[in-house]
Amino acid sequence: MGQSVTPDALLAIIANPSPDSSSALPDIVVQVVDLKQTGTKYMFTASDGKMKLKSILQSCLSSEVISGNIQNLGLIRILDYTLNDIPTKNEKYIIVTKCETVSPPLDMEIKMEMKSEESGILLKPKQEMEVKSEANSGGTGIVLKPKQEVATKSAAQIFHEQNGNMAPSARMAMTRRVHPLVSLNPYQGNWTIKVRVTGKATMRTYKNARGEGCVFNVELTDEDGTQIQATMFNEAARKFFDRFQMGKVYYIAKGNLKVANKQFMTLQNDYEMTLNENSEVEEASNEATFIPETKFNFIPIDRLGPYVNQKDLVDVVGVVQSVSPTMSIRRKINNDTIPKRDITIADETKKTVVVSLWNDLATTVGQELLDIADMSPVVAIKSLRVGDFQGVSLSALSKSIVVINPDIPESKKLRSWYDSEGKETSMASIGSGMSPSTKSGTRSMYSDRVSLSHITSNPSLGEDKPVFFSIRAYVSLIKPDQTMWYKACKTCNKKVTEAIGSGYWCEGCQKNDEECCLRYILALKLSDSSSEAWVSAFNEQAEKIIGCSADELDKMKSQEGEGNPFQLKLKEATWVPHLFRVSVTLQEYNNEKRQRITIRAVAPVDFAAESKFMLEQISKMKLSQ
């Protein structure tokens with residue numbers, strides 16, 4: 001019948017709940033049943049035709065589902081896993097950490113007929129998971145118990161008796177299986193990890209309702225490049241602060257995991273770790289250590305907009321277009337001068353962005369890039385902050401990693417594109433048009449994005465000082481009978497009055513002028529899916545909305561007859577979507593404080609960029625669920 005499941009595959013998993021990475025696993029092919037998404041992971045029921053067990057695909061395998069490699073009713077070969085208890089449900093789950101596709105979806109679920117001599121098998125997965133088999137004529141009972149009941153304690157005692165004089169780190173390595181970080185979850189029992197410290201924060205003090213304390217965290221990376229943040233409080237913080245040294249490799253055990261708070265996390269991990277004073281941390285000093293594999297999650301340059309001024313860090317890959325000389329920048333905090341170097345990179349989206357390298361990155365890898373800049377090297381950079389300088393810009397951090405001409409598929413693809421057509425293509429900066437002005441709080445149209453209801457439902461916004469937001473909304477109403485403009489001085493743009501005799505008097509310039517110009521001061525209504533609000537628009541912004549100058553609109557207004565171009569021009573300007581940067585202040589009027597919303601910048605909607613922005617927002621919503 002072609003490809004099928006492995007007979008009694010789930011019994012093999014139950015018999016070996018936590019396989020050693022060094023031992024060869026038997027062939028375990030199961031059918032994927034009831035595949036569904038839960039948060040950022042995908043769950044399914046593994047079936048071998050006789051028995052079923054609930055299963056979870058680790059986050060790193062989600063792409064296999066999205067790409068269609070793993071589908072409902074398809075067959076997969078499980079290459080690495082851990083069988084865990086879910087205490088709240090008294091059940092067992094398979095955590096699948098590595099697998100491969102065997103077959104696309106079958107027509108139906110595989111169900112094997114039980115042979116009469118096997119009918120004595122009784123499976124009770126929701127109880128103690130004791131699996132008794134009386135299939136043999138002798139009736140010998142084979143009892144398979146979960147890993148928590150395996151006599152690991154006595155084995156460990158025997159080992160310590162034989163190897164008690166070994167270094168602690170060697171004992172930790174040999175007594176327990178070293179788990180990859182990707183396999184860890186909050187429901188596991190004992191585990192040991194081998195990780196390198198790739199980031200270490202300073203010790204911080206805090207004060208809350210329960211008193212004062214101290215806390216610090218470290219960024220840990222295993223051999224596969226998977227990262228996790230470990231946090232220590234009070235006693236644990238004081239105990240381990242000096243022990244954890246940047247760049248060193250450690251064995252760690254007896255820590256706790258919980259679902260990560262993405263608001264305070266910059267690492268791509270569903271979980272974060274807490275170590276207490278009873279946790280075990282031993283340096284792997286007398287054995288081979290490792291350099292973590294750098295894993296990238298590249299963001300195309302034209303999709304950087306939604307990350308502006310967000311906490312999320314990004315990875316980029318691009319062809320180097322230019323490298324600046326080293327500059328000395330004076331820090332405001334302590335007046336120290338630090339080296340900085342800017343590099344401009346481009347990718348297949350035909351957009352460029354400036355990346356600022358600081359300190360050692362500027363003087364070492366930055367100098368290397370300058371030396372080979374005429375060869376247009378490909379550079380991959382991990383962990384960059386996205387800022388709003390010139391609309392969109394990138395800045396390296398102390399933990400950023402820069403790799404020149406990396407041996408990865410994305411780099412080879414980019415090199416091939418650049419050599420064949422990219423070098424002849426005209427490039428545009430991703431920031432162009434995103435930041436019309438740096439005055440009046442104007443920043444990227446993708447920073448501080450809110451809905452109109454966020455502004456209208458918070459009447460105290462702007463009470464102390466103006467606050468700025470970006471919104472995407474429609475111009476839903478422009479009253480034609482309002483005063484839309486004022487007479488302004490051609491020199492200073494201030495309001496003028498008609499002078500005695502002829503001409504116009506400007507108080508600001510203290511002079512008469514024969515002519516004046518009209519400048520918009522416009523009230524219009526904005527609407528989005530959440531709310532509507534009246535806003536003010538001044539000349540430059542109103543010209544972009546109306547599509548002509550106030551002088552031109554005034555000439556249209558003076559024309560009479562049907563099909564009045566003035567009315568038509570206002571009608572054409574309504575129900576058009578724009579990106580707006582607005583300021584919100586509170587103004588007192590008749591002893592009553594009212595919210596005043598003023599348009600500071602207007603930009604047309606780039607629907608491709610906007611769609612990507614909304615997809616990013618959807619992804620963040622899924623992560624927070």
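1. Glu283 and Lys248 are joined through their side chains by a salt bridge, with 3.9 Å from N to O; the term denotes a side-chain nitrogen of Lys or Arg within 4 Å of a carboxyl oxygen of Asp or Glu. Glu283 belongs to strand β13 (residues 280-283) and Lys248 to the loop between α5 (234-240) and β10 (249-253), so the contact ties together parts that are 35 residues apart in sequence. Helices (H or I, at least four residues) and strands (E, at least two) are DSSP runs, numbered from the N terminus. Glu283 is partly exposed at 33% relative accessible area, and Lys248 is partly exposed at 35%. Here buried means under 20% relative accessible area, exposed over 50%, and partly exposed in between (1.4 Å probe, protein chains only).

2. The model is predicted: local features need pLDDT of at least 70, side-chain atom pairs count only at pLDDT 80 or more, and totals for chains, interfaces and linings use all residues. Residues are numbered from 1 along each chain as its sequence is written, and side-chain values use heavy atoms, with hydrogens and water left out.

3. How many salt bridges does the structure hold? The count is 21. In one of them, Lys52 pairs with Glu109, and the closest N and O atoms are 2.8 Å apart. This pair links distant parts of the chain, 57 residues apart: Lys52 is in strand β3 (residues 52-57), and Glu109 is in the loop between β5 (91-103) and α3 (152-163). Lys52 is partly exposed, at 40% relative accessible area.

4. A further salt bridge brings together the side chains of Lys525 and Glu532, at 3.6 Å from N to O. Lys525 counts as buried because its relative accessibility is 17%, whereas Glu532, at 44%, counts as partly exposed. In general, side chains of opposite charge can pair when their charged atoms come close.

5. Seven aromatic pairs are found in a search of the whole structure. Rings of Phe, Tyr and Trp (its six-membered ring) pair if their centres lie within 6.5 Å; planes under 30 degrees apart count as stacked, over 60 as edge-to-face and the rest as tilted. Tyr206 and Phe233 make an edge-to-face pair, with 6.3 Å between centres and 90° between planes. The two residues are 27 residues apart, Tyr206 in strand β7 (residues 204-208) and Phe233 in strand β9 (residues 227-233), and the pair links distant parts of the chain. Tyr206 is partly exposed at 26% relative accessibility, as is Phe233 at 39%.

6. The rings of Phe240 and Phe244 have centres 6.2 Å apart and planes at 50°, so this pair is tilted. Both Phe240 and Phe244 are buried. Together with Tyr250, Phe240 and Phe244 form one aromatic cluster.

7. Charged ends also sit over rings, a contact that requires NZ of Lys or CZ of Arg within 6 Å of the ring centre and within 35 degrees of the ring normal. Lys200 places its charged end over the ring of Phe241, 4.1 Å from the centre.

8. Ser376, in the loop between α7 (365-371) and β18 (378-387), has a positive phi near 50°. Ser376 is buried, with 13% relative accessible area. Trp575 has a positive phi of about 60° and is found in the loop between α12 (565-573) and β28 (577-589). Trp575 counts as exposed, at 55% relative accessibility.

9. Which cysteines are buried? Cys214 counts as buried at 8% relative accessibility, and Cys506 is buried at 2%. The whole structure has zero disulfides, a disulfide being a pair of cysteine sulfur atoms within 2.5 Å.

10. Thr202 lies in the loop between β6 (192-200) and β7. Thr202 is exposed, with a relative accessible area of 57%. Its C-alpha atom is separated by 8.6 Å from that of Val215, which is 13 residues apart from Thr202 along the chain.
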